[in-house]
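Notebook open, structure loaded. I want to go through the fold, the packing and the rings in turn.

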Amino acid sequence: MQTDVPPNNDNRWLPHLLLVPFVIFAIIALLMAVKFSLSVQDRVSWLDNAQKTRGVVRQHLVKHLPQRFGMKEKLQLAIYYNDKKGHWHEFISQSDLTEYNPFATPPQVGERLWLYYLPDKPQQARLADFNAFWLPVILEGVFLLFSALLGFGPLIYIWLKRKG
């Protein structure tokens, strides 16, 4: 006497559900790859089109940023520089060169710094220091690598294990 009992398929979705975090990390890695490539292309474009000049730190500006508990002070630099035509321009930096490197010290008033500026738009400038120009892109690349390893590594391992 044999009865037809349907097989228990309640757990057949469990292995697929375990793949969800890896797929999420893979999607994050793809988005970060797009952002990373745009950042690298932007920096290379600046190097191709910009002029390099020396600027002088004229003032430290303190910007107060609200946080969940209290305020955070962010130091910005007011830097004056000459373009090729001899005109003076002011550049307000987005950081004080210590944002990505906590071991760096902010430049003092009167200190000379290298800047990149666009000759057709001399009011647009960027600090030429490694901490301000390349370090954010390198950190994006490190996070991209970490996300790609977390996302694609297990997926490729599972795919190779099933295939062979």
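**Ground rules.** Before checking a helix length, I note that the expected span of a helix is 1.5 Å times one less than its number of residues. Helices (H or I, at least four residues) and strands (E, at least two) are DSSP runs, numbered from the N terminus. This is a predicted model, where local features need pLDDT of at least 70 and side-chain atom pairs count only at pLDDT 80 or more, while totals for chains, interfaces and linings use all residues. Residues are numbered from 1 along each chain as its sequence is written, and side-chain values use heavy atoms, with hydrogens and water left out.

**Overall fold.** I counted four helices and five strands in the protein chain. Along the sequence the pattern reads α-α-β-β-β-β-β-α-α. Of the 164 residues, 27% are buried (under 20% relative accessible area; exposed is over 50%, partly exposed in between; 1.4 Å probe, protein chains only). I also looked up contacts (heavy atoms within 4.5 Å): among those between residues at least 6 apart in sequence, 61% join residues at least 24 apart.

**Helix α2.** How far does α2 reach from its first C-alpha to its last? Its 30 residues, 20-49, reach 44 Å, close to the 44 Å expected at 1.5 Å a residue. I find Ala-26, Ala-29, Ser-39, Arg-43 and Trp-46 buried in α2. The cover over the buried residues of α2 includes β4, β5, α3 (130-133) and α4 (135-163).

**Strand β4.** Five of the seven residues of β4 are buried, so this strand is largely enclosed by the rest of the structure. Strands pair if DSSP finds at least two bridges between them. β1 (residues 51-66) runs antiparallel to β4, with six bridges joining them, and Lys-52 stands opposite Tyr-116 in β4. On to β5: four bridges join β4 to β5, again antiparallel, and Tyr-116 stands opposite Arg-126 there. A hairpin through two residues joins β4 to β5.

**Cores.** A nonpolar core here is a set of buried Ala, Val, Leu, Ile, Met, Phe, Trp, Tyr and Cys residues joined through side-chain atoms within 4.5 Å. The largest has 10 residues: Val-57, Leu-77, Ile-79, Tyr-81, Phe-91, Leu-113, Leu-115, Tyr-117, Ala-125 and Leu-127. β2 (71-82), β4 (112-118) and β5 (121-127) each supply at least two residues of this core. Another core of six residues lies apart from it, with Ala-50, Tyr-116, Leu-118 and Ala-128 among them. Leaving out residues up to four places away in sequence, Ile-79 touches a list including Val-57, Phe-91, Leu-113, Leu-115 and Leu-127.

**Ser-93.** I found Ser-93 in the loop between β3 (88-92) and β4. Is Ser-93 buried or exposed? At 1% relative accessibility, Ser-93 counts as buried. Residues up to four places away aside, Ser-93 touches Gln-76, Leu-77 and Leu-127.

**Rings.** The structure holds three aromatic pairs (rings of Phe, Tyr and Trp, its six-membered ring, with centres within 6.5 Å; planes under 30 degrees apart count as stacked, over 60 as edge-to-face and the rest as tilted). Tyr-81 and Tyr-117 make a tilted pair, 5.7 Å centre to centre with 35° between the planes. Tyr-81 lies in β2 and Tyr-117 in β4, so the pair ties together parts 36 residues apart in sequence. Phe-133 and Trp-134 have ring centres 5.4 Å apart and planes at 85°, so that pair is edge-to-face. Phe-133 is buried at 1% relative accessible area, whereas Trp-134 is partly exposed at 27%. Tyr-116, Phe-133 and Trp-134 form one aromatic cluster.
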